[in-house]
Amino acid sequence: MESLNQKTLASVPGTVRVPGTRPAKAEILHIGAGAFHRAHQAVYTDDTDWGITVAAPRSREVIDALAAQDGLYTVATLGPGGAELRVVGSIVDTLHIATENERALDRIADEDTRVVTLTVTEKAYRDPEGIPGLLAAGLARRAKESGAPLTILCCDNLPDNGKTTREAVEPLLDDATRLWAEDNVAFPSTMVDRIVPASTRATYERAAEALGFADDAAVEAEPFTQWVIEDRFAGPRPPWDATFTDDVAGWERLKLRTLNGVHSTLAYLGALAGAETIGDALALPGARGFAERLIADQIAPSFTPPDGQSTVAYGQAVLERFANPGIRHRCLQVAMDGSQKLPQRLFGTIADLIAAGERVELAALPLAAWIRFCLGRADDGARLPLDDPLAAVLRERLAAAGGSPEALAGAILGVRQVVPEPVASNAELRQATAAWLTDLDRHGAALTLENL
Ligand code: CS2
């Protein structure tokens, strides 16, 4: 089968939306070629006349597929009425950082580059040799060459993600670049939202069938999409149809604690119970009721949502999105990197509940489910992969704790890089976690949920 590309685009059937005039250059350098970028920022950009160079840090599979297709690929939106397909044309160039480091630095320095966007996962900001180092070296070159202002926009699910990015990059700058950056580089915070499962064979087959051409970079996503951006750009702002605001922190907290918090909760409980997807986990008897209680009794009282928002109503909408039968988001995909995700998804909630003198018993169940997940066996004895940068630390601590639930809870609560005070030393939380661990061990996750 011939591939989708600029030439074959003209023969794509009218049922698939196609881009008009493609952008002539890339004002945006995006780092991280994952499915999320292709279904989120690249789609927002496709509705403008700006273009993107997409850079992959390591794996070159996606950018090679994109390059062979002149940057074109399909997004399938999977709603209740079936799939709606659209070819996206905003990506005009690709770059492989591992083998083209110089070109990557040139692109950061290039005055035509106005914005650098990032989807590199939570853990990438902790590795000074990785993306922060690249950004710092690129900024040094930019400061020396054009000196043109630049916005660096983190689109990863971290709280205060602009500040997190700035704090990862700033210490790596030499004095002259730091001085220049103070006035010329902005790190706005953002809240990004769209459920985008990893592409599977079904994704590629659906795209090929609709297009009549092969598409090795196709992605699929839910209909919902949202982007809230702190309105603090250095230099021009892309004309994205996003919400620009002065206060993005409230939106980040609402999304991280509610959507992502419940996502991780369902991922661990679901994986233990043998559910394949988040939708399957939510359909377990008792799971939806538990998710609703977790939102109403623990997540909602932990913070004040942005003006006009209700955490409970937002949570209900999130659960509807999780139940979308078109979206097959695997529990194991959401479960990965728990040590990097749970601080902002769960421990922040627990810390604020403790500070407010509230009970934390229900919030201890997702923690217990994560601990049991880290032990590596589902309830039916099947092996569960621990895909986490701290896997070795977590395993070692659990092994040293022996089998008692109290000791297991204490072992994980004691991981300083992950669990903040006062969460780590809270006796009620530790006891509740141990009690849930006992339940999970005796009855399994499915029955624990059903018995709630
Ligand atoms: C998910 C997110 O994989 C995960 O950890 O919780 O990718 C989630 O789907 C997105 O944040 C939704 O916007």
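Tyr 44 is buried, and so is Trp 227 (buried means under 20% relative accessible area, with a 1.4 Å probe and protein chains only). This is a predicted model, where local features need pLDDT of at least 70, side-chain atom pairs count only at pLDDT 80 or more, and totals for chains, interfaces and linings use all residues. Residues are numbered from 1 along each chain as its sequence is written, and side-chain values use heavy atoms, leaving out hydrogens and water.

**Aromatic rings**

- You'll find four aromatic pairs in the structure; rings of Phe, Tyr and Trp (its six-membered ring) pair if their centres lie within 6.5 Å.
- Tyr 44 and Trp 227 pair edge-to-face, at 5.1 Å centre to centre with 70 degrees between the planes (over 60 degrees is edge-to-face, under 30 stacked, the rest tilted).
- Tyr 44 sits in helix H2 (residues 41–46) and Trp 227 in strand E11 (residues 226–230), so this pair ties together parts 183 residues apart in sequence; helices (H or I, at least four residues) and strands (E, at least two) are DSSP runs, numbered from the N terminus.
- Trp 227 and Trp 240 have ring centres 4.3 Å apart and planes at 35 degrees, so that pair is tilted.
- Trp 240 counts as buried too, at 5% relative accessibility.
- Tyr 44, Trp 227 and Trp 240 form one aromatic cluster.

**Helices H9 and H15**

- Thr 265, Tyr 268, Leu 269, Ala 271 and Leu 272 in H9 meet Leu 365, Pro 366, Ala 369, Trp 370, Arg 372 and Phe 373 in H15 (contact means heavy atoms within 4.5 Å).

Methods
Buried < 20%, exposed > 50% of the residue type's maximum accessible area, 1.4 Å probe, protein only.
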